Amino acid sequence: MELTATFYIPPMTIRQARDRAAGWMEEQGVEDGRSQADRLLQHVLGMERPALLLAWGDPFPEAKAEAWTALVRRRGAGEPLQYLLGEEWFYGRPFQVTPAVLIPRPETELLVEAVLEAAGRLWPPAAAEGAAAPTVVDVGTGSGAIAVTLAAQRHDWRVIASDLSPDALEVARANASRHGAAGRIAFAQGDLLAPLIAQGRGGTAVDGAGTRVDVLVSNPPYIPSADMPGLQREVREYEPHLALEGGADGLDPYRRMLEQLPLLPAMPRIVAFELGMGQPRIVAELMRGMGEWDDIRIITDYGGIERHIVAVRT
């Protein structure tokens, strides 16, 4: 690979390399090129930010030039920073991410908070030793961010993580091991709730399929098909469409899960969904029509957008 791209013309200092790469990436349409270049520099040079700041005036190491130019070019082409770094932070923990999984978003942390709060009222963490703990299912687990976080926060919960993609499940398993939760999570490959239904079709059932599910949480694909071409380049061209596209109006996965719920041994006492803009009220109305939950709330995200539904049978 040639190293004489417009953003890298040796010799130069580390700061000059950062500034030129930042400017070049912004010319390619990358937002906030300076902070992106900083993160890539820390990754390539193996430095935390304080050490990087102290080294601004040092010559850029020629041995790292090829790796540096390759990463900057990939970022300039639109490849998400998180895939280049191989991880993203979620709920205070680093999670491995690959192009097989969606990159965890901060708003999904609010869904985790809502599940912890709602389940904490039904199954208090301080309950007497030996008291029943819930079985929680994360449908469409992807990187495992939700399932692993719940298992890490509540060691007595039984957590099941399912996904249609075997590659995504491999990433989720790696993250469960990374955070010491592998022994408390069962993994299942299949379409939505199919692996959890006794004699279900469409996937490999978990050990004990047909087990009572107490809490269902899911962040499924919810982008309407017609909106896919207009997504941000980083999302449209690099994140898995299997985890993005939710049918004509984006609601197909929710309708199908609600249809599958009566096939479980019992209706979950808590159902929590993440949804797209304008969708929560539609799905909440469908859930009210089922008459299974007496407390159905819609939660707004950090931008004030209605983003999550939490339905509880108190």
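The lining of the second largest pocket is made up, by class, of three nonpolar, two polar and three charged residues, where Ala, Val, Leu, Ile, Met, Phe, Trp, Tyr, Cys and Pro count as nonpolar, Asp, Glu, Lys and Arg as charged, and the others, Gly among them, as polar. The structure is a predicted model, in which local features need pLDDT of at least 70 and side-chain atom pairs count only at pLDDT 80 or more, while totals for chains, interfaces and linings use all residues. Residues are numbered from 1 along each chain as its sequence is written, and side-chain values use heavy atoms, with hydrogens and water left out.

**Overall architecture**

- The protein has 11 helices and 10 strands, these being DSSP runs numbered from the N terminus (H or I over at least four residues for helices, E over at least two for strands).
- Along the principal axes, the C-alpha atoms fill a box of roughly 70 × 45 × 35 Å, and the accessible surface comes to about 14,100 Å², of which 51% belongs to carbon and sulfur atoms (Shrake-Rupley method, 1.4 Å probe).
- Of the 314 residues, 51% are buried, a term that means under 20% relative accessible area, with exposed over 50% and partly exposed in between (1.4 Å probe, protein chains only).
- Among contacts (heavy atoms within 4.5 Å) between residues at least 6 apart in sequence, 64% join residues at least 24 apart.

**The second largest pocket**

- This pocket has a volume of about 210 Å³, the volume being the space filled by probe spheres set on grid points that are joined across faces, edges and corners.
- A pocket here is an open set of points on a 1 Å grid over the protein atoms alone, where a 1.4 Å probe fits and protein lies on both sides within 12 Å along at least five of seven lines, and its lining residues have an atom within 4 Å of a point.
- The lining consists of Arg39, Gln42, His43, Met47, Glu48, Leu85, Glu87 and Trp89; the elements that give two or more residues to it are helix 2 (33-45) and strand 1 (87-90), and helix 2 gives the most, with three.

**Buried elements and residues**

- Helix 7 (residues 145-153) is largely enclosed by the rest of the structure, because eight of its nine residues are buried, namely Ala145, Ile146, Ala147, Val148, Thr149, Leu150, Ala151 and Ala152.
- Glu239 sits in the loop between helix 9 (233-238) and helix 10 (252-260) and counts as buried because its relative accessibility is 4%.
- The side chains of Glu239 and Arg105 are joined by a polar contact of 2.7 Å (a pair of N or O atoms within 3.5 Å; within protein, one must be able to donate a hydrogen and the other to accept it, and residues adjacent in sequence count only if both atoms are side-chain atoms).
- Arg307, in strand 10 (residues 306-312), is buried at 9% relative accessibility, and, not counting residues up to four places away in sequence, its contacts include Glu107, Tyr222, Phe273 and Asp301.

**A partly exposed arginine**

- Arg255 lies in helix 10 and counts as partly exposed at 32% relative accessibility; leaving aside residues up to four places away in sequence, Arg255 touches Asp249 and Leu286.

**Backbone features**

- The peptide bond from Pro10 to Pro11 is cis, with omega near 0°, and Pro11 lies in the segment before helix 1 (14-27).
- Asp32, in the loop between helix 1 and helix 2, has a phi near 55°, a positive value in a residue other than glycine.
- Tyr91, in the loop between strand 1 and strand 2 (93-96), likewise has a positive phi near 55°.
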